[in-house]
Each structure stands twice: as C-alpha cells, then as structure tokens.
Amino acid sequence: MLKTFDVILICIMTAAAAVTYTIKHRAELKLEEVHRLESEIKLEKDTIELLKADWALVIQPNRLERLVNNFNGELKLAPTLSTAMVQPNELPMLRSQLPEAPIVADAADGKDAKGGKSSGPTLSKGASTDADIRKVIADVASKPAPKPVAKALPLKHGKPQIDEVKTGSVKR
C-alpha cells in the first residue's frame with residue numbers, strides 16, 4: 001500500500017513536471033518570436049539596401065542631365081545665380097524687432113484694453129465691417145517699418161565673410 005509520504009512525492013513530481021513543461025512551452029514561443037523579429041529585421045535591411053541602390057540609380061548625373069535636356073522646354077530650368085542667394089542682412093526681422101500691433105479700442109469710451117487713451121489706428125468692437133478693417137490695415141501699412149538692427153559683420157576685402165556669420169532663429 002501507498003503511504004502518505006509516497007502520495008505527496010508523486011504530487012510534487014507531477015507539479016514539477018507541469019511547471020517544467022509550461023516553462024519549456026513559453027521558451028519555445030519566445031524563440032519563435034525572436035526568429036520572426038529577426039526575419040522582419042532582415043527584410044527591412046534588405047529593403048533599405050534596395051532603396052539605397054535605387055536612389056543611386058535615380059540621382060546619377062548623366063540621367064539627371066538627360067532629363068533636364070528632355071524637359072528643358074517645359075520646365076525652363078536655369079542654373080542658380082550666385083546673386084540669387086540670400087545675404088544675412090536680407091533675412092526677416094526678429095520678432096522682437098517687429099513693430100507693435102495696433103491697439104484695439106472700445107468705440108464707446110476711446111480707451112484701449114489697458115485703460116489708457118488709445119493712440120494710432122484702432123478697431124472698435126462694434127465696427128467690424130470690411131471697410132473698417134481695411135482702413136486699419138491701410139493705416140498700419142502706411143507707417144514705415146523699422147529697419148532691422150544690423151550687426152557689424154567682419155569684412156574681408158570690403159565684403160562680409162558670410163561663412164563666419166552666425167544667424168539666429170527668427171523666433172526669440
């Protein structure tokens with residue numbers, strides 16, 4: 001007859017076998033996932049290499065020259081002139097250098113949003129017709145814009161050294 005100790009050992013062995021099988025099954029699933037990911041990575045690398053080769057064919061100078069000659073009549077392409085390049089002093093002004101926006105005043109009391117008397121072009125709350133808006137825009141446009149503050153550029157033979165000029169972001 002089986003003793004209690006033998007029954008307990010058989011249950012422990014069965015549980016250990018079940019746990020071992022479960023761990024083995026999970027490991028096999030993870031291995032399959034690793035193989036799948038490796039094949040996807042290989043496919044992506046092959047695609048990248050194919051696209052690089054295609055790009056090398058597309059940008060060949062003799063091919064581009066042939067296309068330019070074929071479509072020159074339609075596109076009217078011309079080499080870029082060195083004078084068409086933008087100089088640092090031709091860049092747009094910084095936001096901190098822009099003129100102030102017109103103050104919106106209340107038509108009833110003639111005061112601006114801060115409570116002071118409004119000066120310059122104003123657009124009242126009640127008057128929002130196209131004519132009023134166009135008038136305010138015309139008033140603002142008629143004022144001369146402030147000139148951007150030019151920084152001293154290093155000169156070499158009377159010309160600014162553009163390569164040494166550091167430009168900043170327009171947003172400040």
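In this predicted model, in which local features require pLDDT of at least 70, side-chain atom pairs count only at pLDDT 80 or more and totals for chains, interfaces and linings use all residues, Asp 46 is partly exposed, with a relative accessible area of 40%; on this scale buried means under 20% relative accessible area, exposed over 50% and partly exposed in between, computed with a 1.4 Å probe on protein chains only. Residues are numbered from 1 along each chain as its sequence is written, and side-chain values use heavy atoms, with hydrogens and water left out.

Asp 46 is joined to Lys 42 by a salt bridge whose closest N and O atoms are 3.2 Å apart, a salt bridge being a side-chain nitrogen of Lys or Arg within 4 Å of a carboxyl oxygen of Asp or Glu. Because Lys 42 and Asp 46 are 4 residues apart in helix H1, they are separated by about one helical turn, and Lys 42 is exposed, at a relative accessible area of 51%. By this rule the count comes to 3 salt bridges. Arg 36 and Glu 40 meet through their side chains at 2.7 Å, N to O, and both lie in helix H1, 4 residues apart, or about one turn of the helix; Arg 36 is partly exposed at 41% relative accessibility, as is Glu 40 at 39%. Glu 28 pairs with Lys 24, with the closest N and O atoms 3.6 Å apart, and these residues likewise lie in helix H1, 4 residues apart.

The protein chain contains 3 helices and 2 strands, which run α-α-α-β-β from the N terminus on; helices (H or I, at least four residues) and strands (E, at least two) are DSSP runs, numbered from the N terminus. The mean pLDDT of the chain, the predictor's confidence in each residue from 0 to 100, is 76, and 67% of the residues reach 70 or more.

Of the 172 residues of the protein chain, 6% count as buried. A nonpolar surface patch of about 720 Å² is made by Trp 55, Ile 59, Leu 64, Leu 67, Val 68, Phe 71, Leu 75 and Leu 77, where patches comprise residues with over 30% relative accessible area and no salt bridge, like charges being joined within 9 Å and nonpolar side chains (Val, Leu, Ile, Met, Phe, Trp, Tyr) within 5 Å. Helix H2 (residues 61–75) supplies the largest share of this patch, 5 residues.

How values were computed:
Areas by Shrake-Rupley, 256 points an atom, 1.4 Å probe, with all protein chains shown as cover.
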